[in-house]
Amino acid sequence: MKYALDARVGIVGAGAAGLSAAETLRDRGYTSITILERSERAGGKCHSIQFEGRSYELGAGVISDSSRFVRGLAKKYDVPTKLVDFSARMCVDSETGKPMKRSASEMRQLGAQVLRYYRLSRKYQTLLEPGFANVAPELSVPFANFAKTHRIELLAEEFAKYFTGFGYGFFDEVPAAYVLKYYPWDVVFAYFKQTFFKFPEGIQGLWEAIAKSHQVVYGANIQTIERGEAITVTTEKAAFTFDALIIASPLDEALRYLDASEEERALFRKIRHYDYRTYGCMVKGFPKMTGYVPGNLNSTRLGRPVFWYQRYEDSDLYTFYTFGDWKMSDEDTLRHIRHTVEQLGGVLETLHVAERWKYFPHVSPDDMQDGYFDKLEAMQGENHTYYAGELLNFSTVAHTASYAKKLVERFF
Ligand SMILES: Cc1cc2nc3c(=O)[nH]c(=O)nc-3n(C[C@H](O)[C@H](O)[C@H](O)COP(=O)(O)OP(=O)(O)OC[C@H]3O[C@@H](n4cnc5c(N)ncnc54)[C@H](O)[C@@H]3O)c2cc1C
């Protein structure tokens with residue numbers, strides 16, 4: 001163990017990563033853990049709201065049954081989970097608004113491609129480990145190229161529904177390693193078995209329950225972090241001294257207040273994001289189901305809905321998801337959503353809530369090829385500083401949580 005159990009450990013960010021790190025530290029016997037959270041709530045991108053007495057998700061909503069650590073936390077904190085009902089789903093043609101179905105011959109081809117993918121996922125099993133260290137160089141290419149090489153293009157179209165549709169970018173831009181990381185064989189299998197779980201009371205409640213049992217300073221607006229013998233963090237209201245620091249908030253933004261080294265500056269500046277948005281709309285006369293719009297899953301269709309989610313069959317509040325270009329107005333996006341709603345015979349009555357996300361921190365194919373993650377991992381622990389959060393593994397609750405847990409097990 002590198003630190004004494006009474007070492008003062010600071011954590012920046014009370015999202016899934018920061019709270020998983022805190023939980024693991026405490027389980028290992030650490031007694032002085034302080035979490036500095038900028039906002040007034042825990043959970044970060046796990047953001048649940050209440051409407052007419054029920055929960056709705058603006059950010060994360062679903063985890064797979066392989067998310068053992070997170071499901072274990074839910075059990076420990078007595079936060080209920082429930083199997084997702086997959087029965088009411090549709091795919092819609094972006095031009096006509098008509099439902100789409102695969103032909104029998106496509107289904108046969110898909111079967112063969114799933115088998116090919118099974119072999120590929122066995123080959124790249126190191127991706128099951130948290131992180132991207134030592135990722136195979138051939139996985140740096142954009143996933144579209146990888147899919148072509150391995151003749152799994154139809155499967156890639158299926159993958160895009162839940163990858164691009166869920167905000168993780170476009171296959172001609174994103175390195176294959178991310179897609180294989182998101183789709184290990186057990187997750188592909190979970191799609192067949194339909195074993196995904198939601199949080200009936202809202203996933204934010206899980207992180208709030210965990211946060212309540214830790215020392216979290218909310219509204220902590222960090223001004224400076226200076227690292228010497230000890231680490232001094234100043235916020236607008238107070239100063240904190242730590243022996244070790246875990247940054248579980250966006251690393252590119254940390255450059256504003258961190259006494260960053262040249263290497264930190266160089267690596268953090270390379271992080272890319274997508275402008276992904278959630279629009280909660282009241283819609284009448286719309287299909288009582290969740291839907292995907294495959295024709296909108298590319299970068300020429302920004303602003304159009306890629307996916308919508310109906311959480312309750314008897315509710316008119318649907319959440320629609322779109323990509324933007326950082327400049328596009330909500331009015332423009334709503335115009336596109338309204339068009340899709342009307343194609344399907346519905347009426348968009350009001351916008352109830354909207355949230356924009358600087359989403360899916362990732363690196364380009366070239367940077368991945370250039371050993372980005374090996375360099376970042378080699379810096380873990382320098383100046384008693386550790387990095388956690390979405391960038392380090394992948395942008396799901398389970399990936400961020402399991403990376404944070406492993407980080408603490410490695411270094412504390
Ligand atoms: C629309 C949407 C849908 C999603 N759906 C799913 C899903 O169904 N399943 C799934 O597994 N994942 C899903 N995700 C992804 C998942 O929510 C995230 O990957 C995960 O919650 C990230 O956790 P994190 O702790 O790394 O980061 P975050 O959740 O971003 O937490 C970072 C925390 O740091 C705080 N912070 C930031 N800057 C500072 C600062 N300077 N000082 C102090 N605190 C700071 C933030 O306020 C935040 O609380 C979804 C995300 C979005 C946006």
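Mentor: Gladly; let us take the terms one at a time. This is a predicted model, in which local features need pLDDT of at least 70 and side-chain atom pairs count only at pLDDT 80 or more, while totals for chains, interfaces and linings use all residues. Residues are numbered from 1 along each chain as its sequence is written.

Trainee: What makes Met 289 partly exposed?

Mentor: A residue is buried if 20 or more other C-beta atoms, placed from the backbone, lie within 10 Å of its own, exposed if 12 or fewer, and partly exposed in between. Met 289 has 14 other C-beta atoms within 10 Å, so Met 289 is partly exposed.

Trainee: Where in the chain is Met 289?

Mentor: Met 289 sits in the loop between strand S14 (272-284) and strand S15 (290-292). Strands (E, at least two residues) and helices (H or I, at least four) are DSSP runs, numbered from the N terminus.

Trainee: Which residues is Met 289 in contact with, leaving aside its neighbours within four places in sequence?

Mentor: Contact asks for C-beta atoms, placed from the backbone, within 7 Å. With those neighbours left aside, Met 289 is in contact with Ala 88, Arg 89, Met 90 and Gln 310. Thr 224, by comparison, is 65 residues from Met 289 in sequence and 48 Å away in space, C-alpha to C-alpha.

Trainee: Which residues touch the most other members of the largest nonpolar core?

Mentor: Ala 21, Val 179 and Ala 388 do, in a core of 113 residues. Helix H14 (residues 397-411) gives the most to this core, with seven residues. A nonpolar core is a set of buried Ala, Val, Leu, Ile, Met, Phe, Trp, Tyr and Cys residues joined through C-beta atoms within 7 Å. Beyond four places in sequence, the contacts of Ala 21 include Ala 388, Ala 404 and Leu 407.

Trainee: How is the chain divided into domains?

Mentor: The domain assignment gives domain 1 (8-49 + 202-271 + 364-411) and domain 2 (104-193); such bounds come from an automatic or database assignment. The centres of domain 1 and domain 2, taken over C-alpha atoms, are 29 Å apart. Their contact takes 13 residues from domain 1 and 16 residues from domain 2.

Trainee: And which residues come nearest to the ligand?

Mentor: Gly 13, Gly 15, Gly 44, Ala 60 and Thr 396 come nearest, out of 37 residues around the ligand.

Note on methods:
Contact = placed C-beta atoms within 7 Å. Near = placed C-beta within 6 Å.
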